[in-house]
Amino acid sequence: MVNKLVALLGSAAVILAVVWVGRMDKVEEGLTDFRAMAKAINEDQKSTWRADPEAKIPSPEELKRMFNLIIEKKKPENFDEAPEISLDSDELPANFHPREKWGFCSTFDSIRDQSSCGSCWAVAAASAMTDRRCIATAGAESSPLSAEDLLECCLNCGYGCNGGFLYQSWSYAKSSGLVSGDKHGDSRFCMPYMFPQCNHHGSGPFEDCDKHHYVTPPCTRACHPEFKTRSYVEDKVKLKKSYPLEGAQRMMREIYTNGPVEASFTVYEDFLLYKSGIYVHSKGKEVGSHAVKILGWGEENGVKFWLVANSWNENWGEKGFFRIFRGNDHCDIESDVAAGIF
């Protein structure tokens, strides 16, 4: 009798475990059937992009931490007016990658990784500023600028790994400057990024991002112990101007003249499935806002797009990049943009 009871209890435990796992999967997917969504996107003959049906979707809590960029209604007090650029639309090429104009810079193709930290606002800003400094100095100054410096020490930039403001990074780079710094563990520069690379929404060579949620490091104002070239203060470089932009044509003129910019866009559930192609939102609800670097544009099969560098390492998307529809403020990507001049 006892053996039968144990067996029955064991069977019940297995059944409950199966039911529980099923419920957990559903919670982690935010009650959205992402596999069905990916299938519908890939089977749509009009779709301009491919979805990954095997993408790992973070929990709703993780999504809130990931896409927590904040758009300020009021621009920073030290912001400047955007410079006037006298270029007509017909003077801009149909397709543009900055290496075609500034081949002396090798920074454009570098993809960073924000890791398990909501620091897209800092990573995208530092990446765009790195490109702009290289361009402004004709390649003489191509050291990467530090996202870690922004993350740690910009007190007006927001909440560190829990989200930040779009424009304040550029304001800080003008008033306080940034030191050099690249990827995690790279002690060739003053302040390398604190957190290691991880797998974002898919398989890869790293640990999955959802295994950690890093907290904002304290502001040290000190270079890595192995960096002996200059002190923290000596390594600082400042923007001469920082300013906001808006609108596709204004953005194209700016990028063509001065280099990549930082932009925000609204993230919807289907973007979490992105694999390749020109992303056009069609399915799913809004999950938050994200900051990225826009470095160029183009047109494929009659569809205009922005070329965008993400901060989820090279194993995501098109080797770390993605393309998104250009010209009608798709997902608000042409509404809030920041730039500056060294």
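Just after helix α7, G259 takes a positive phi of about 115°. Helices here are DSSP runs of H or I with at least four residues, strands are E runs of at least two, and both are numbered from the N terminus. The model you are looking at is predicted, so local features need pLDDT of at least 70 and side-chain atom pairs 80 or more, while totals for chains, interfaces and linings use all residues. Residues are numbered from 1 along each chain as its sequence is written.

Let's start with α7 itself. Because eight of the eleven residues in 248-258 are buried, this helix is largely enclosed by the rest of the structure; buried means under 20% relative accessible area with a 1.4 Å probe, protein chains only. Among the buried ones are A248, M251, I255 and N258. Their cover includes helix α4 (120-136) and strands β2 (241-245) and β5 (286-300).

Now for the pockets. A pocket is an open set of points on a 1 Å grid over the protein atoms alone, where a 1.4 Å probe fits, with protein on both sides within 12 Å along at least five of seven lines; lining residues have an atom within 4 Å of a point. A volume is the space filled by probe spheres set on the points.

| Pocket | Volume | Lining |
|---|---|---|
| Largest | about 370 Å³ | 23 residues |

In the largest pocket, P58, E62, M66, C209 and D210 lie nearest the centre, and helix α3 (residues 60-66) gives the largest share of the lining, three residues.

Notes: Heavy atoms only, no water. Buried < 20%, exposed > 50% of the residue type's maximum accessible area, 1.4 Å probe, protein only. Contact = heavy atoms within 4.5 Å.
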